[in-house]
Amino acid sequence: MPLFEFKCKKCEKKFEELVFSSRKEPVECSHCGSKETEKLISTFCAGNGSSKSAGQCNAPSGFG
Ligand SMILES: [Zn+2]
């Protein structure tokens, strides 16, 4: 599932939102409704198959 974590710049709360590739509208904060949000880096490696160094990745060992 394309679940991303966002942080609101207005109330500085974090929330998760399902974002599909076809969606272009800014994500609204689920707490205050502000559209001043930024997408946070996921805790998992984001589909970069060329990455071989596991040092920067939180993926469980043996993944892939
Ligand atoms: Zn907010």
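Guide: Start with two strands. β1 and β3 run antiparallel, and three bridges join them. This is a predicted model.

Visitor: What makes β1 and β3 a pair?

Guide: Pairing needs at least two bridges between the strands. β1 and β3 have three bridges, so they pair. K7 stands opposite E38 in β3.

Visitor: How do you know that β1 pairs with β2?

Guide: Use the cut-off of at least two bridges again. Five bridges join β1 to β2, so these strands pair, and they run antiparallel. K7 stands opposite K14 in β2, and L3 has L18 as its bridge partner there.

Visitor: Why are β2 and β3 said to stand at the edges?

Guide: The sheet is open, with three strands in the order β2-β1-β3. β2 and β3 each have a single partner strand, so one side of each lacks a neighbour in the sheet. On average, neighbouring strands are turned by 40° against each other, direction ignored.

Visitor: Now the metal. What makes C8, C11, C29 and C32 donors of the zinc ion?

Guide: Distance. A donor atom must be within 2.8 Å of this metal. The SG atoms of C8, C11, C29 and C32 lie 2.3 to 2.4 Å from the zinc ion, so they count. Their spacing in sequence is C-x2-C-x17-C-x2-C. C11 is in the loop between β1 and β2, C32 in the loop between β2 and β3, 21 residues apart.

Visitor: Why is the zinc site called tetrahedral?

Guide: For four donors, all angles must lie between 85 and 135 degrees. Here they are 103 to 120°, so the site is tetrahedral. The ideal tetrahedral angle is 109.5 degrees.

Visitor: Why is C11 called partly exposed?

Guide: Buried means under 20%, exposed over 50%. C11 has 28% relative accessibility, so it falls in between. C32, at 37%, is partly exposed too.

Visitor: Which aromatic pair does a search of the whole structure find, and why is it called stacked?

Guide: The search finds one pair. It is F6 and F15, with ring centres 5.8 Å apart and planes at 20°. The limits are 6.5 Å for the centres and under 30 degrees for stacking, so both labels hold. F6 and F15 are both buried.

Definitions and conventions:
Residues numbered from 1 in each chain as written. Predicted model: local features only at pLDDT ≥ 70, side-chain atom pairs only at ≥ 80, totals over all residues. Heavy atoms only, no water. Donors = N, O, S within 2.8 Å, 3.2 Å for Na, K, Ca; no water. Tetrahedral: all angles 85-135°; square planar, octahedral: opposite > 155°, others 65-115°. Helix = DSSP H or I, 4+ residues; strand = E, 2+ residues; numbered from the N terminus. Buried < 20%, exposed > 50% of the residue type's maximum accessible area, 1.4 Å probe, protein only. Phe/Tyr/Trp six-rings, centres within 6.5 Å; stacked < 30°, edge-to-face > 60°. Axes fitted to C-alpha atoms, helices over the stretch in contact; angles between N-to-C directions.
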